[in-house]
Amino acid sequence: MPKLHLNTDLFFLLKDQDIILWDYKNHQQFTLSLAYFERLVTHSRGNVEELNEIDQSLLNEGILLSEAPPVPIWQWDKLSYIFHIGTRNVVEDSHETIEDWVAQYVSDCETAVQIMPPKMLIRREGAFSSLPTPDLSYLNQHSFLDILKGRQTIRNFNGSPVSREILSTLLFVTFGLFHGPWAELSDAGLREVGMRKTSASGGGLHPNEAYVSIHNVEGVKPGIYHYDVERHALVLINDAINDDNISALCMGQPFGRGIAFGVFLVAYFGKIWWKYPHSRGYRVVLLDAGHLSQTFQLVASSLGVLTWMTANIHDVNVSSLLKLEGVHQSPLHFLGTGYGEKSGIYSGVKDYFK
Ligand SMILES: Cc1cc2nc3c(=O)[nH]c(=O)nc-3n(C[C@H](O)[C@H](O)[C@H](O)COP(=O)(O)O)c2cc1C
């Protein structure tokens, strides 16, 4: 009897009383009868003595394999592997000409506009504080070369206040409607589906929102705010938090102590999954957050304020602090800002080695 091997890129899901077999590598799903499921269990235990009809159909579908699947080089656990393999593009583009491709592209765009949410700019309920007009002349003070050279992560903030103008300019230039309406689209008679900001974003959809934790900004009451892009304003969401809270939310890291303010980047998956319905869209959200983070740091560098960042945050506690609606709104990254010693090595670590 030829030895058969179980495809290792599978998981099972119990859903609506069905047993779903998900082949995440080949993007296929099957509903299994109990007999098929039991047969796979038998195979996985190596107890098969004779092949039967079920084996043949499992072989045809690539669930059983005649050759052992290669063992991947992968040091993380299965969870990341499933996401990684399951979100790869595996089917090649089938358009025969560029004209075909363009026609499909236009048709996809036409379909997308019909299902796009009516409002892409998020507005939270709460007390509203306006921000001063951003002062873009601040960005002209240093050469681009100096700004790039000046960007670095620091871990020794000193609690000094930042001005409201700097807060306003940093938020506007990184997250605001910096370019105004997307004239290139409207001039061509096309509908503005997305937004153009200082960072690129998949489809211009900008799924990440900015939530600001104000600690010491002149003229702004400490608290947790949502940055309202449309109105360039802050909307109060929660009470102020202190250095101990920031450390706890950043998984004990003390590096954010003494910041003047910080920004939680929060992914709103609903802003993007209507257009990019496959899980691959999750990658786009993460990449978008990286673009914003880099722009934030460069703008901060040009404004002379220092930054520290972390992706190691307590997702659940940050979500409740920001009063997010559910798992479809997810904090990804924290950007702390202020003044201090321009050193990436935390004073406590230096002391440790003294
Ligand atoms: C996605 C991402 C996550 C990061 N997470 C942390 C973190 O959890 N804690 C921390 O102290 N720094 C964190 N950093 C900052 C890096 O440690 C820092 O960028 C790196 O040491 C290089 O230093 P530089 O930013 O000064 O070039 C993170 C940076 C990025 C881009």
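## Two domains

The centres of domain 1 and domain 2, taken over C-alpha atoms, are separated by 43 Å. Domain 1 covers residues 5-86 and domain 2 covers residues 121-352; these bounds come from an automatic or database domain assignment.

The structure is a predicted model, in which local features need pLDDT of at least 70 and side-chain atom pairs count only at pLDDT 80 or more, while totals for chains, interfaces and linings use all residues. Residues are numbered from 1 along each chain as its sequence is written.

An open sheet is formed by 3 strands in the order 2-3-4, with antiparallel pairing. Strand 2 (10-15) and strand 4 (28-32) each have a single partner strand, so one side of each is left without a neighbour in the sheet. Neighbouring strands of this sheet are turned by 25 degrees against each other on average, direction ignored. Strands here are DSSP runs of E with at least two residues, helices are runs of H or I with at least four residues, and both are numbered from the N terminus. Two strands count as paired if DSSP finds at least two bridges between them. In general, strands of a sheet pair through backbone hydrogen bonds, either parallel or antiparallel.

Strand 2 is joined to strand 3 (residues 18-23) by 6 bridges, and Leu10 stands opposite Asp23 in strand 3. Strand 3 is joined to strand 4 by 5 bridges; here Ile19 stands opposite Leu32. The hairpin of strand 3 and strand 4 has 4 residues between the strands, and His27 takes a positive phi near 55 degrees in this hairpin.

Strand 6 and strand 9 (residues 233-238) are joined by 3 bridges, and Ser130 stands opposite Ala233 in strand 9.

Axes are lines fitted to C-alpha atoms, for helices over the stretch in contact, and angles run from 0 to 180 degrees between N-to-C directions.

## Helix 6 against helix 9

Helix 6 (residues 164-175) and helix 9 (residues 280-303) pack at an angle of about 145 degrees, and their axes are 9 Å apart. Helix 6 contributes Ile166, Thr169, Leu170, Val173 and Thr174 to the contact, while helix 9 contributes Leu292, Thr295, Phe296, Val299, Ala300 and Leu303. Residues are in contact if their C-beta atoms, placed from the backbone, lie within 7 Å. By class, this contact has 8 nonpolar, 3 polar and no charged residues. Ala, Val, Leu, Ile, Met, Phe, Trp, Tyr, Cys and Pro count as nonpolar, Asp, Glu, Lys and Arg as charged, and the others, Gly among them, as polar.

## Around the ligand

The residues around the ligand are Gln152, Thr153, Gln253, Phe255, Met309, Thr310, Ala311, Asn312 and Gly344. A residue is near a molecule if its C-beta atom, placed from the backbone, lies within 6 Å of it. This shell has 3 nonpolar, 6 polar and no charged residues.

Terms used:
Two residues are in contact if their C-beta atoms, placed from the backbone, lie within 7 Å.
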